[in-house]
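Hi everyone, thanks for coming. Let's take a short walk through the charged pairs and the surface of this protein.

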Amino acid sequence: MEREPVEMCEVSVIHEDALARVKAKMPDEAPIYEVSELFKVFGDSTRARIICALNIEEMCVCDLAALLSMTQSAISHQLRLLKVSRIVKSRKQGRVVYYSLDDAHIGQIFAMAFDHIMEEPEE
């Protein structure tokens, strides 16, 4: 991906009205930090592939390992991180543990990211 230079203002002017409106609506630092941490978890391609699969259907570790051509241990490690981050949840049925997305928001975030990536850039 080629980087375009960042355009900068030719004059230094503070737009006090815009600054005041934004300051009034900015969330506190704590939730911004949590959002940043969530996107870090999304930032790994293996975890993104797991999320993509679980956005289609719940699956067990064995199935995910076969799908992604990885070891069950590697998949379990990633699922542990996803579970701690409240991105996936699990349910046990007999001797099998199935994983699914924690809630609809995760699927929506992932779908929106895909929509953004797939759209044609504006010229």
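Is Asp-17 buried, partly exposed or exposed? At 49% relative accessibility, Asp-17 is partly exposed; buried means under 20% relative accessible area, exposed over 50%, and partly exposed in between, with a 1.4 Å probe and protein chains only.

A word on the source: this is a predicted model, where local features need pLDDT of at least 70 and side-chain atom pairs count only at pLDDT 80 or more, while totals for chains, interfaces and linings use all residues. Residues are numbered from 1 along each chain as its sequence is written, and side-chain values use heavy atoms, leaving out hydrogens and water.

Now, the pairs. The whole structure has three salt bridges, meaning a side-chain nitrogen of Lys or Arg within 4 Å of a carboxyl oxygen of Asp or Glu.

Asp-17 pairs with Arg-21, N to O at 3.8 Å. They sit four residues apart in helix α1, so about one helical turn separates them; helices here are DSSP runs of H or I with at least four residues, strands are E runs of at least two, and both are numbered from the N terminus. Arg-21 is exposed, at 51%.

In helix α2, Lys-40 and Glu-37 are three residues apart, and their closest N and O atoms are 2.9 Å apart. Lys-40 is exposed at 52%, whereas Glu-37 is partly exposed at 27%.

Finally, Glu-58 meets Arg-91, with closest N and O atoms 2.4 Å apart. Glu-58 is in the loop between α3 and β1 and Arg-91 in strand β2, so this bridge ties together parts 33 residues apart in sequence.
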